[in-house]
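Me: I would like to learn how to read a helix and a strand in a model. Please take me through it.

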Amino acid sequence: MKWAIISDLHANMEALEHVLKDIRNEGLTKQDIICLGDLVGYGPNPAECVEIAKEFRLCLKGNHDEAVVNEALGFNPLAREAVDWHRSQLKPYWLSSKAKKIRWDFLKGLPATKTEERCYFVHGSPRDPTMEYILRADCEDLLGEVPSKIKDIFSRFEWLCFVGHTHDPGVITENSKFVSPRDLNGSFEVPPDKKLIVNVGSVGQPRDGDNRACYVIFDGKKLDFRRVEYDPQATRQKILGIPELDPRIGERLLYGR
Ligand code: ZN
């Protein structure tokens, strides 16, 4: 077993292409890729990202994927405008090409969760697959106890729970410690008998202060948090050329915030 686990592509082709190259260099193919959702939302290349994701071993549904095929409920104006533009780009009508219809059906049909080899995969959280965030701050408790939210989430999977959604990579232990990849030198040995929540970070819109694309390689024993350089300026330029996308979406890519 060796998987590349990626999440939150957010229609950023430049970041995705560099990550795919890094994955190939590790001897893996698209059939070894597990994607935890948010193919679309924010970025300039929704159709291209969905097209590539069709070839992955597994792809789950994120809140932005859901919003594009349904409705953008609870989104801030900036995210909603992007979702509305993505829908206009992706939604086929009767004269549309077959490829466009297949892409739309793929996006509509993405599953919310999946378990493989005692690993549970979900975009947000086992309690609310696409919407709930498991944040770094949720791990803290004034009395030093394990917060009930964390305890409840840990009761819902067997061994490892892989998530995305927050764009903040790290490992959460059962005693509610959030460990950042920076503290781990990028890699983490996984005990076979200890449960963990693993946030794989974001390919297309990192928010942990590092503008490089982020993903995880897992071989059954070790988590390898990878950071991949790409040219966020190129993605930003594309965003500036699309009036429906707020320039701030491009700006934040430069800083990883
Ligand atoms: Zn996201």
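Reply: Start with contact, which means heavy atoms within 4.5 Å. This is a predicted model, in which local features need pLDDT of at least 70, side-chain atom pairs count only at pLDDT 80 or more, and totals for chains, interfaces and linings use all residues. Residues are numbered from 1 along each chain as its sequence is written, and side-chain values use heavy atoms, with hydrogens and water left out.

Me: Which residues is His86 in contact with, leaving aside neighbours within four places in sequence?

Reply: They are Ala11, Val40, Gly41, Tyr42, Gly43, Pro46 and Val68. A polar atom of the His86 side chain also lies 2.9 Å from the backbone nitrogen of Gly41.

Me: Is His86 buried or exposed?

Reply: Buried means under 20% relative accessible area, exposed over 50%, partly exposed in between (1.4 Å probe, protein chains only). His86 has 0% relative accessibility, so it counts as buried.

Me: Where does His86 lie?

Reply: In helix α4. Helices (H or I, at least four residues) and strands (E, at least two) are DSSP runs, numbered from the N terminus. Other buried residues of α4 include Leu78, Ala82 and Trp85. Among the elements covering them are α2 (46-53) and α5 (98-108).

Me: What about strand β12, residues 222-228?

Reply: Five of its seven residues are buried, so β12 is largely enclosed by the rest of the structure. Two strands pair if DSSP finds at least two bridges between them. Strand β11 (residues 213-218) runs antiparallel to β12, joined by six bridges; Ala213 has Val228 as its bridge partner. Strand β9 (residues 187-189) is also antiparallel to β12, with three bridges.

Key: Polar contact = N/O pair within 3.5 Å; in protein donor to acceptor, adjacent residues only side chain to side chain.
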